[in-house]
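Please look through the sequence and the model below before reading on. The paragraphs that follow take the sheet and then a pair of helices.

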Amino acid sequence: MAALNLSCCYHHHHFQSHSPPPTNVPILLSHRNNISISPKSPLTSFHHKRHHSNLLVLATTMATNVQEDLPPALDSTSEPPSVFDGTTRLYISYTCPYAQRVWITRNCKALPLSHIGLQEKIKLVPIDLKNRPDWYKEKVYPANKVPALEHNNQVKGESLDLIKYIDTNFEGPSLYPDDTIKQEFGEELLSYTNTFYKAVTTSLKGDGFDDAAAAFDYIEKALSKFDDGPFFLGQFSLVDIAYAPFIERFQPYLLDVKKYDIKVGRPKLAVWIEEMNKNDDFNQTRRDPKELVESYRKRYLSSS
């Protein structure tokens, strides 16, 4: 299995776009055997704990023979889509955590199966970042980053902006609370994501854990603010989507290589991880933990 190169997005944190498309992506298939459809509303799914108790096992054991359910990644040999033809397109990479945020948002915004969900209205266009097509920069998004959203004859980028944009401009259950206090705290947490990322990666590059420990302590405190649910703002929201791809990557590496368990002494974080592991839409984008550890070994141990 090819190792995941986490430096997949050309991002202001120096994520370079050199990641190959995955060959065996751990994906939880829905009952329609299609990655685009979740069998029930994402918000409702969190209340079926027993039904999803084996979700992580399923996500791993069903990892083979699922790539056929995903649109193929477009590369330098692929013809460009008919840009600005009225179709709404989400350009992503299967391996990029920033694109992962937007993909999860798109799926979580989808209506139940009795309606037409966002999967039908936002066409998924995967891009091979290792062999990126020239037309992507020339015709789609001059910044040459993923994710990007083509909508209403415009192309928008930056993952945090996009998850807000999708939540605001498309139908489906809102992924942000109406409560003003929660909204303000949510904005604070979204702004903290860059600080969180820098603090943890600083620790990954060296021997100390002070920065990472402080960052995870901040997360634990944030998860303790509201008592009406296990998520950052009580109920599942864009904030959980923003942090999930990075905690998914940091947790196995710190445990395997640094022998540092981020859940010890942080009961709220432990519960949050457990609840996120039950989310069908999040599990569609999960990576093999062994793959993640190996990619981080190459990235950080080789540079130390």
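**Sheet and helix packing**

In strand 3, alanine 148 is the bridge partner of tyrosine 91. Strand 1 (residues 89–92) and strand 3 (residues 148–151) run antiparallel and are joined by 3 bridges. Two strands pair if DSSP finds at least two bridges between them. Strands (E, at least two residues) and helices (H or I, at least four) are DSSP runs, numbered from the N terminus.

This is a predicted model, in which local features need pLDDT of at least 70, side-chain atom pairs count only at pLDDT 80 or more, and totals for chains, interfaces and linings use all residues. Residues are numbered from 1 along each chain as its sequence is written, and side-chain values use heavy atoms, with hydrogens and water left out.

The open sheet has 4 strands in the order 2-1-3-4, with mixed pairing. Strand 2 (123–126) and strand 4 (154–157) are the edge strands, each pairing on one side only. From one strand to the next, the twist averages 20°. Helix 3 (residues 97–108) lies across strand 1 and strand 2 and runs at about 145° to strand 1. Angles run from 0 to 180 degrees between N-to-C directions, and axes are lines fitted to C-alpha atoms, for helices over the stretch in contact.

Helix 9 (residues 238–256) packs with helix 12 (residues 289–301) at an angle of about 75°, their axes 9 Å apart. The two helices are therefore roughly perpendicular (65 to 115 degrees). The contact (heavy atoms within 4.5 Å) includes Phe250 and Tyr253 of helix 9 and Leu292 and Tyr296 of helix 12.

Technical notes:
Angles under 35 degrees count as roughly parallel, over 145 as roughly antiparallel, 65 to 115 as roughly perpendicular and the rest as oblique.
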